[in-house]
Amino acid sequence: MKKPLRKFYAWLDERVKISDLVQFMGKKYVPVHRHSVWYYFGGVALFLFIIQVTTGILLLLYYKGSEQLAFESIQFIMSKVQFGWLVRSIHSWAANLFILAAVIHMFSVYFERSYRNPREITWLTGMLMLFLGLGFGFSGYLLPWNELAFFATKVGTDIAGVIPVVGKPLMIFLRGGEDVTGATLSRFFGFHVALFPGIFTFLLVIHLVLVQRQGMSEPLGLDAAHERKTMPFFPNFMLRDVLLWLIVLNVLAVLAVFFPWELGRKADPFASAPAGIRPEWYFLFMFQSLKYVPPRILFLDGEVLGIGLFGVAGLIWLLVPFWDRKSSRGLRGKEISYIGIGVVVYILVFTILGWFL
Amino acid sequence: MSSRPDEFAPLPSASGQNVPLEAGQERRDFLKLALGGGFIAWIAAVAYPVFSYLKPPKQAEVEVTSVKVGKIAEIGKDSGMIVRFGSKPVILIRTADGEFRAFSATCTHLDCTVQYKKDLGVIWCACHNGKYDLTGRNISGPPPRPLEEYRVIVQGDEVSVLKKT
């Protein structure tokens, strides 16, 4: 270290004992095994989140969250502001890649059963962040106030309205009234740039502190015969992390430049929903399922049943550390794998159906 | 074991004399109740205005009962159009044989706005592929109920849509 830097370090260390932290980081090891590759996806999601915060703040400098001005302000960003097209395109692409990275991270944790004792809270905070990520996607989708967004929001908030008892008030709360209007846009804008980031940051801090404190989870049945290999977190693992982040940044730049995000047509509340309308890909499997649900099943409305089933399935998934007792005892139960494979296959099949039909 | 051995000891009264144990306990219970109750009341006093604030106020809306759409000649046969009926969209359809029909354009499934699909001769919702026939009846796909019907009146060559009473 150069002298002024060393002096600053000494000054800081004298006051906040930073050497403890440095020592902790120096002693942190990451297990090396054939499943180690999955460790990187959480980091990728984190990196994409940081990109979202940065590009989001940049967009905020020009975006106007009102019914009359939202669409035009994004047109302005994309056509007049220097590199505005790039910033907006990166924000849209990174949002999608973030969901993708988070979903891969979540499934890898599920299949490795890393949610098991003692990492239940890490799983819960992670799942809540994934749900919030979907909320980010849903609220952000409306902000350009284009045709697709308008109807996606109508459908999405109407789905919330289907929930018995609390549904209707919840829908009115989300929409800021009976219908999707400028009031909805204002609310979604607030959720997207203030409420969600606040909650997300809080969850993220807990999540990361727990990961640091408890270390990386190792797959079940790994410690059997052969010797455990590890790699220092700093600098070995971190450098690999950073290299991957660099690759992700490049992929992002290529996507944003060569496949710029479209703006579409401005929303018109008195136009029919356009043919070929569909939600973002990560909602497609639910969207497609709802198409197949008949209007009435026994005495229930089909949509109530369909949405209810997704809600219950999501809740069961969220609580997996508490009903999968086997893996906490160090046993690798087959049923977890079967359920997981079933869910992945279902999501894949219905996403593909939704994409091509 | 309590870290404060005198926790349950008799409290000294204002006059300096020891108050009997039960009286001290009673006073403690009363204080607990008052503080707890006060805390709950405080929460309610904060939560009530916040929740009320979240509920969007009812906007005064002019009740629309009829809307003039236009001249017959402007509306082609075998076509449909969306009419602004107050804050709600209404679909006005002129069938192939020139008859007018009007329905709420809000799909009964999940709130999308429907359209007239010429090639199939049905009312179609693009969101989840719901279909209604030209009497508004849900005939295919997920819609659970028929579309609400509106009245169409032709006075001279002027077409109007009215709410059914």
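Modeller: On one side, Tyr40(A), Gly43(A), Val44(A) and Phe47(A) come from α3(A). They meet Asp241(A), Leu244(A), Trp245(A) and Val248(A) of α10(A). Sorted by class, this contact of α3(A) with α10(A) holds 6 nonpolar residues, 1 polar and 1 charged. Keep in mind that the model is predicted.

Now the geometry. Helix α3 of chain A spans residues 40-60, and helix α10 of chain A spans residues 233-258. The two pack at an angle of about 55°. Their axes lie 10 Å apart. Angles of 65 to 115 degrees would count as roughly perpendicular, and those under 35 degrees as roughly parallel. α3(A) and α10(A) are therefore oblique to each other. The crossing of α3(A) and α10(A) is right-handed.

For strand pairing, turn to chain B. There, 6 strands make an open sheet, ordered β1-β10-β9-β4-β3-β2, with antiparallel pairing. β1 (66-71) and β2 (79-85) of chain B are the edge strands; each has a single partner strand, so one side of each lacks a neighbour in the sheet. On average, neighbouring strands of this sheet are turned by 30° against each other, direction ignored.

Inside that order, take β9 and β10 of chain B. β9 covers residues 149-155 and β10 covers residues 158-163. They pair in the antiparallel sense over 6 bridges. As for a bridge partner, Arg151(B) has Leu162(B) in β10(B).

Key: Residues numbered from 1 in each chain as written. Chains lettered and ligands numbered in written order. Predicted model: local features only at pLDDT ≥ 70, side-chain atom pairs only at ≥ 80, totals over all residues. Pairing = 2+ DSSP bridges. Helix = DSSP H or I, 4+ residues; strand = E, 2+ residues; numbered from the N terminus. Axes fitted to C-alpha atoms, helices over the stretch in contact; angles between N-to-C directions. Parallel < 35°, antiparallel > 145°, perpendicular 65-115°, else oblique. Left-handed = near helix turned anticlockwise from the far one by under 90°. Contact = placed C-beta atoms within 7 Å. Nonpolar A, V, L, I, M, F, W, Y, C, P; charged D, E, K, R; others polar.
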